[in-house]
Amino acid sequence: MTTPAKTAAGASDEVIRKHNEYLWPAVTNFYQKPLVADRASMQHVWDLEGNQYLDFFGGILTISVGHANPKVTGPVKAQVDRLQHLSTLYPNEAIVGLAEKLAQITPGALHSSFFTNSGTEANEAAILLARMATGSFDVVALRHGYSGGSSLAKAVTGQAPWRKAGVVSVGIAHAANPYCYRCPWGLKYPDCEVACANDVENLIQTGTSGQIAAFLAEPIQGVGGFITPPPEYFKIVFKTVKKYGGLFISDEVQTGFGRTGKKWFGIEHWEVTPDIMTCAKGMANGTPVGATITTKELAASFQGLTISTFGGNPVTAVAARATIEVIEQEHLIEHVNTVGSYFRERLEQLREKYPLIGEVRGKGLMQALELVKDRVTKQPAPQATAQLLERTREQGLLVGKGGLYGNVIRLSPMLNIPKSDVDQAVTMLDKALALTSSAAD
Ligand SMILES: Cc1ncc(COP(=O)(O)O)c(C=O)c1O
């Protein structure tokens, strides 16, 4: 692809001005001077001035198989011209084709899908179904989790900045999350005997009615900063959830569709088969669709009517199916495992070099750096994180930010990223870290 022509100086300023003028201020941008995106192709993004970036955040983990991948955009364009939308009142090949594919790749007896436009709605549908199916109301979620932007999803979310006014948390209790780097009990794995998992039972006994509708968690907490649990955590919690009558909901919005390597879904690493799974983001390579997938029996327990007007729209359904087929045909789940392990090794080397990096964590191509002012006190370094974001941009690399304390760099390139691009990204990250660390001295 040829580099796009540079636009007139000031074009970005005008877009930024209009963004500030006409969008809610709550819709924030990255960077002191926001990057005005113009176009993208596979692993690269170009801004309006024609500068090229290597994208290691992929539109917040939405780009699974590369920007504008023709294997996805081709079927999408054909579908737009054939049947764009008619609603779920009329079955069509696109929606059933996707639902069938999901039934094939999801674990256990997950078989039946309800499509939405987003992860938020997918989680809403999951909680509603769990409450109907069990007759219980209480939901247990995790601190530091992120579940979406609706009132209920915000109530399930476990981070104050995402839970401001209007959030009604009745019937939702938050357990301590498996955040080994900042263990709330100050314990060390494995000597801790996974105290956080065992505490879920105590929370159910003390913070709920004693019978729960569901436990909802992300297999790796995304917005929370790719917080990765110890391997036994979910197995222990699963038993507790069943003991108290609940359904296990795995929020795969970030961890789904091969992102973590070796497996299609994040929860499969933890050897738990969920009752309900929610998906969105990378599922359709940047096209808005969400899904709540469950067993036939549980799906049948939904009471009354429901519809999502655009949910499972033929264009998005075709995009999702094409994305899944690219992952299958190009053996990307194995590729993510291999290239993700290599990326992790390179990041660990950076940790040895820069005391600013307190921890490297994640799985597959979902890797994070938690930045701290001091490795002993583990005091978060949000200013250095913001600086690192600026410096990586100057190097031509796009990375993400996250974590309750704003001190986690999130790295999630497309699943078909070549190893050579990982090397290039690490070189750019290395330079950016050197500049950030020297400025912090
Ligand atoms: C784990 C998780 N669940 C749910 C959501 C909400 O998805 P959406 O923004 O598509 O509504 C997000 C979004 O970041 C997420 O990361």
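The shell around the ligand splits into three nonpolar, seven polar and three charged residues; here Ala, Val, Leu, Ile, Met, Phe, Trp, Tyr, Cys and Pro count as nonpolar, Asp, Glu, Lys and Arg as charged, and the others, Gly among them, as polar. Keep in mind that this is a predicted model, where local features need pLDDT of at least 70, side-chain atom pairs count only at pLDDT 80 or more, and totals for chains, interfaces and linings use all residues. Residues are numbered from 1 along each chain as its sequence is written, and side-chain values use heavy atoms, with hydrogens and water left out.

**Around the ligand**

- Gly119, Thr120, Asp251, Gln254 and Lys281 come nearest among the 13 residues around the ligand (a heavy atom within 4 Å counts as near).
- Helix α5, residues 119-134, gives the most to this shell, with three residues (helices are DSSP runs of H or I, at least four residues, numbered from the N terminus).

**Polar contacts** (pairs of N or O atoms within 3.5 Å)

- Asp251 puts a polar side-chain atom 2.7 Å from a ligand nitrogen.
- Gln254 has a polar side-chain atom 2.8 Å from a ligand oxygen.
- Tyr146 uses a polar backbone atom, 3.5 Å from a nitrogen of the ligand.

**The largest cavity**

- About 100 Å³ of space sits in the largest cavity (on a 1 Å grid over the protein atoms alone, a cavity is a set of points where a 1.4 Å probe fits but cannot get out, and lining residues have an atom within 4 Å of a point; the volume is the space filled by probe spheres set on the points, which are joined across faces, edges and corners).
- Cys180, Cys183, Tyr189, Cys192 and Cys196 are the closest to its centre, out of 15 lining residues.
- That lining divides into 13 nonpolar, one polar and one charged.

Conventions. Polar contact = N/O pair within 3.5 Å; in protein donor to acceptor, adjacent residues only side chain to side chain. Helix = DSSP H or I, 4+ residues; strand = E, 2+ residues; numbered from the N terminus. 1 Å grid on protein atoms, 1.4 Å probe; cavity = no way out; pocket = protein on both sides within 12 Å on 5 of 7 lines; lining within 4 Å.
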